Amino acid sequence: MAKELKPGQRRVTAGSVVADLMIVAWFVFSLFPLLWMLLLALKNDADQTSTYFAFSPTFDNFVTVLSQRGQDLTSVDFGQAMWTSVLNCVGAVLVSLVVGVPAAYAAGRWKYRGSENLMFQMLSFRFAPELMVIVPLFVIYNTLGIFDTKVGMVWVLQLVTMPLVVWILRSYFQDLSPELEQAALLDGYTRIRAFLTVALPLVRPGIAASALLAFIFAWNNYVFPLILTDSAATTVTVAVTKFLGGGGQAYYNLTAAAALLGALPPLVLALTIQRYLVRGLSFGAVKA
Amino acid sequence: MTTTVGGRRPTEETPPGGARAGAPPRIPDWRRKARPYLLSVPAVLLIIGILYAFFYGVYYTVLDYAATNPDPQFVGVANYREVLGDPLFWRSAGTTLLYAVLATGAETVLGVAIALLLNRSSLIGKTFERLLILPLMIAPVIAGVIWKLMFNPQFGVLNHVFGLGSTFDWLSRDRALFSVVLVDVWIYTPFVAILVLAGIRSLPQEPFEASDVDGASWFYMFRRLMLPMMWPYILVAVIFRFMDCLKVFDSVYVLTQGGPGVTTTTLQISAFQDSITNLNYSRGSTYMFLLWIIVFITARYLVGVLGKAQRRAAGAGV
Amino acid sequence: MATVELTGLSKAYGDVQAITGLDLAIGDGEFFVVLGPSGAGKTTTLKSVAGLVEVDDGDVVIAGRSMRGVEPYHRNVAMAFESYALYPQKTVFDNLASPLRSGRTGRYSAADQQQRIDAVTTTLGINHLLRRFPRELSNGQRQRVALGRVLVRPADVYLLDEPLSHLDAKLRAQMRAELKQLGEMSRTTSLYVTHDYQEALALGDRIAVLRAGRLVQVGTPHEIWRTPVDSFVAKALGQPEINLLEAEVADGRLRAAGGAVDLPAPRHLDLAGGRARLGFRPRDLGLLRAGSTAPVGDVVLRGRVGLAERLGRLMEFSVDVGGHDVIVVADSDAGAREGDVVDLHVPLTDVHVFAAGPAGEDTVRLGGAAVREPAQERS
């Protein structure tokens with residue numbers, strides 16, 4: 001192992017070939033379903049059940065998913081659902097940032113009574129079963145008239161986005177020497193300006209990472225929109241599942257196309273921010 | 001270096017601004033002390049909003065609230081007695097635990113193995129590393145949809161590729177639990193692998209080089225050096241996975257709705273069926289509250305274990 | 001342009017008492033050094049003056065005004081942090097311009113800023129670094145930028161936390177020589193924290209010695225060096241450390257090291273219990289050349305050279321005197337070699353007499369073994 005730990009010291013041995021084969025095996029398992037979805041999504045209605053790998057590709061399914069016909073099949077406007085998801089997630093992340101950045105800063109800078117409780121409360125949201133709050137929220141939302149609205153979704157998605165933002169950013173603020181802000185105070189800047197001009201720019205990677213990760217997880221959430229929305233504020237995750245039960249007849253190719261469309265934004269985002277993801281995924285517990 | 005500054009000394013004159021004019025403003029002590037609290041107020045308010053719903057849910061557990069009973073009465077611990085006396089609850093709890101143990105176990109072993117393999121930084125490993133994260137970023141419910149299509153006995157690609165014919169049912173009574181675990185493994189093994197890989201890469205190199213010089217075997221180094229130092233990272237991954245498994249819903253629900261029968265009915269699916277499908281809110285809430293207690297206790301315990309391991313690893317890392 | 005007074009200043013971090021009941025009065029324009037080992041509370045003292053730590057008790061008075069409840073940015077003090085605290089996202093120029101742009105240190109046009117920064121960077125020899133980022137600098141360069149950020153602005157008080165600690169030895173000596181002569185330094189009240197006694201002696205108008213958060217002694221470098229208040233201060237100043245020997249009074253004599261050290265018991269001191277502790281600074285001891293006699297009024301110690309180490313022009317000898325190692329720093333042409341039996345001599349006025357005490361504990365200084373005549377005074 002130690003030999004392999006050092007860069008530039010690689011030899012082709014039986015062991016290294018076996019290791020490479022194992023890696024390849026994993027990635028075949030890991031990537032095949034995605035590849036298969038792509039193939040399925042490119043098949044026409046006839047090919048979808050008659051052939052596995054040889055067919056003439058078509059983009060019709062993507063068009064259909066987003067068209068009136070898709071809406072007729074599933075009673076959900078898929079394009080509308082995607083747009084709703086975008087608005088919900090952007091809204092939820094923005095609210096979490098506005099609310100969470102000051103809280104993360106306070107928790108990262110001061111040891112004050114209740115700060116640890118607050119942080120643990122946040123963490124417990126991450127691990128709490130969603131249904132615990134959903135049933136009462138269902139009643140509350142109906143009372144407040146925010147059932148099946150974007151406002152309602154943005155609020156409930158805080159359960160997903162807030163813990164991420166607060167925990168990740170606290171770990172970034174903790175890593176930042178308080179003496180930098182102290183220097184700014186002595187330079188004559190107020191605490192707010194010291195925070196805005198010194199601390200905040202230095203945790204920009206943390207803000208980007210937590211915001212994008214929060215966006216991804218909010219996008220991927222299924223239970224909240226499943227129960228707290230109907231048709232007006234349906235999100236993409238719910239919309240995808242509607243294709244599965246498409247009125248008796250199976251539309252595998254359409255389902256695959258919808259699944260791909262729903263999976264695409266998180267995949268693209270993840271590949272662009274991969275560098276920062278590790279720390280975010282572990283809530284700052286693992287720093288890479 | 002000169003002792004004077006080119007004929008003009010930088011700080012010759014007093015500041016022309018109003019810095020010295022008048023007594024400096026004072027900020028009372030309480031305002032100073034209130035700062036962190038003020039910064040947390042918005043977050044706390046938001047939490048209170050959610051906690052309100054939570055406690056409302058807890059309140060439901062002592063009522064007989066259901067869609068069929070819009071005027072609920074206080075029933076004390078009747079719901080708890082009913083749920084705890086219900087074989088389905090224990091069956092669901094057992095299924096959840098089995099799911100969590102199987103999935104977390106498989107993901108940990110595979111994830112650590114993948115991390116070790118990728119750490120060799122071979123050409124193939126480097127090529128694929130960027131793609132490792134992909135399944136993890138897909139919504140679990142969409143992952144469920146994808147695998148449901150692949151599991152399809154007639155047209156699914158799995159039976160075709162493995163030559164299983166059109167009668168082999170991946171989601172049959174005997175296999176359904178293992179199949180939903182397989183999907184969990186597909187989604188979340190990268191999570192373990194990514195965390196552990198980051199952990200390995202942050203380990204100090206010196207101990208390995210030293211024992212390499214001493215001629216220690218690979219296995220010895222792995223067991224005595226690498227594993228103890230990696231342990232906290234593995235634990236973080238295990239904790240996150242185990243806790244998430246306890247409340248698994250999305251992928252299982254879309255694959256099987258808890259069936260066939262109750263073979264894949266986890267606690268959260270059970271609660272969903274009670275409160276959403278059957279509209280018995282109190283019973284569903286009782287399920288959830290019991291699950292919440294389990295999650296909470298497990299979390300406290302595992303976080304304690306993690307703290308211990310981190311301290312030990314800090315010692316081993318020197 | 002301000003006096004600074006600390007009255008009864010106390011600060012604890014959890015269970016750790018960083019400073020306890022600290023009283024200091026620093027004069028207008030004074031260059032005041034706070035000396036102490038790590039953990040003595042030096043940085044806490046500076047940050048209390050700056051308003052960066054909230055003290056538990058006591059008050060800081062700057063220019064006659066109590067600073068209780070006054071925010072750091074209203075105190076008009078500048079500080080160089082030991083960690084530099086340079087803004088990593090800003091260039092050296094922008095770091096230096098930061099205090100000039102806040103509007104609280106005065107109003108400066110772009111040209112004013114440029115001029116001030118040019119002047120300071122020329123003084124500190126860093127004007128070729130203006131466009132670099134802190135991460136592209138060596139520690140010594142960073143330290144000079146941090147110092148520059150202080151000097152570039154007018155302030156009532158300059159607070160300098162170990163500003164030379166990361167420079168290499170040569171540059172440190174050079175900077176030490178020049179720092180005090182900097183025009184702005186000589187006019188602005190400065191609080192300078194260091195653990196290096198040479199810096200303290202070289203720079204300080206006055207020195208305060210701190211130990212474990214308490215003030216031990218305040219005085220001019222001369223006072224601190226000549227009349228340390230106790231053995232802690234005596235040990236803190238001087239490298240190698242002062243030699244300490246336990247002594248007993250008998251028959252009007254003060255004897256130590258089994259009689260190898262023997263001097264008249266000083267009558268002007270009250271040696272309670274007939275015991276005392278003697279201190280000789282390695283530099284005050286001399287090696288007696290063969291055939292010559294010690295000056296009148298000197299005490300002579302005979303011993304065997306155990307170790308002779310060359311420090312350049314000087315040599316450090318470890319001499320076994322009656323079973324105790326005594327360190328001597330003397331000219332290398334003294335001629336003594338390892339194994340030689342030598343006589344050491346020291347003027348009685350340079351023999352420090354401390355109260356007796358348990359081993360390892362510091363005790364107060366009672367006085368010199370002989371009263372120094374004004375004419376003998378050396379500086």
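This is a predicted model: local features need pLDDT of at least 70, side-chain atom pairs count only at pLDDT 80 or more; totals for chains, interfaces and linings use all residues.
Arg277(C) is buried, with a relative accessible area of 4%. What is the partner of Arg277(C) in a salt bridge? The partner is Glu246(C), and the closest N and O atoms of the two lie 2.7 Å apart. Because Glu246(C) belongs to strand S11 of chain C and Arg277(C) to strand S14 (residues 275-280) of chain C, the pair ties together parts that are 31 residues apart in sequence. Glu246(C), for its part, is partly exposed, at 37% relative accessible area.

Over all chains, a search of the whole structure finds 25 salt bridges. One of them joins the side chains of Glu71(C) and Arg32(B), at 3.4 Å from N to O. This pair crosses between chains: Glu71(C) sits in the loop between strand S5 (65-66) and strand S6 (77-80) of chain C, while Arg32(B) sits in helix H1 of chain B. Are these two residues buried or exposed? Glu71(C) counts as buried because its relative accessibility is 1%, below the 20% limit. Arg32(B) is buried as well, with a relative accessible area of 8%. Both belong to a network of salt bridges that links Arg191(A), Arg32(B), Arg35(B) and Glu71(C).

A further salt bridge lies within chain B, where Arg201(B) pairs with Glu129(B) and the closest N and O atoms are 3.0 Å apart. Here the link is between distant parts of the chain, from Arg201(B) in helix H8 (residues 176-201) of chain B to Glu129(B) in helix H4 (residues 123-129) of chain B, 72 residues apart. Arg201(B) is partly exposed, at 44% relative accessibility, and Glu129(B) is partly exposed too, at 22%.

Let me turn to the interface of chain B and chain A. In this interface, 103 residues of chain B are in contact with 90 residues of chain A. The two chains bury about 9,000 Å² between them, and carbon and sulfur atoms account for 79% of that area. On the side of chain B that touches chain A, helix H1 (residues 29-60) of chain B gives the most, with 21 residues. By class, that side divides into 73 nonpolar, 17 polar and 13 charged residues.

Next, chain A itself. It has 17 helices and 0 strands, and its C-alpha atoms fill a box of roughly 75 × 70 × 30 Å along the principal axes. Of its 288 residues, 61% are buried. The domain assignment divides chain A into domain 1 (2-65) and domain 2 (69-281), whose C-alpha centres lie 30 Å apart. Between them, 13 residues of domain 1 are in contact with 14 residues of domain 2, and the area buried is about 1,200 Å², 72% of it from carbon and sulfur atoms. On the domain 1 side, Gln48(A), Thr64(A) and Val65(A) lose the most area to domain 2, together 48% of what that side buries. The count of salt bridges between the two domains is 0, and that of residue pairs in polar contact is 2. Helix H2 (14-41), helix H3 (47-50) and helix H4 (60-66) of chain A are the elements that each give two or more residues to the domain 1 side.

I close with the backbone. Most residues other than glycine have a negative phi, and most peptide bonds are trans. Where are the cis bonds in chains B and C? One joins Gly259(B) and Pro260(B), with omega about -5 degrees, and Pro260(B) lies in the loop between helix H11 (250-256) and helix H12 (267-277) of chain B. Another runs from Gln239(C) to Pro240(C), with omega near 0 degrees; Pro240(C) lies in the loop between helix H9 (231-236) and strand S11 (243-250) of chain C. As for phi, Leu279(B) has a positive value near 60 degrees and is partly exposed at 35% relative accessibility. Ala257(C) has a positive phi near 50 degrees and is buried, at 7%.

Terms used:
Residues are numbered from 1 along each chain as its sequence is written. Chains are lettered from A and ligands numbered from 1 in the order in which they are written. Side-chain values use heavy atoms; hydrogens and water are left out. Helices (H or I, at least four residues) and strands (E, at least two) are DSSP runs, numbered from the N terminus. Buried means under 20% relative accessible area, exposed over 50%, partly exposed in between (1.4 Å probe, protein chains only). Domain bounds come from an automatic or database domain assignment. Contact means heavy atoms within 4.5 Å. Buried area is the accessible area (1.4 Å probe) that two parts lose on being put together, summed over both. A salt bridge is a side-chain nitrogen of Lys or Arg within 4 Å of a carboxyl oxygen of Asp or Glu. A polar contact is a pair of N or O atoms within 3.5 Å; within protein, one must be able to donate a hydrogen and the other to accept it, and residues adjacent in sequence count only if both atoms are side-chain atoms. Ala, Val, Leu, Ile, Met, Phe, Trp, Tyr, Cys and Pro count as nonpolar, Asp, Glu, Lys and Arg as charged, and the others, Gly among them, as polar.
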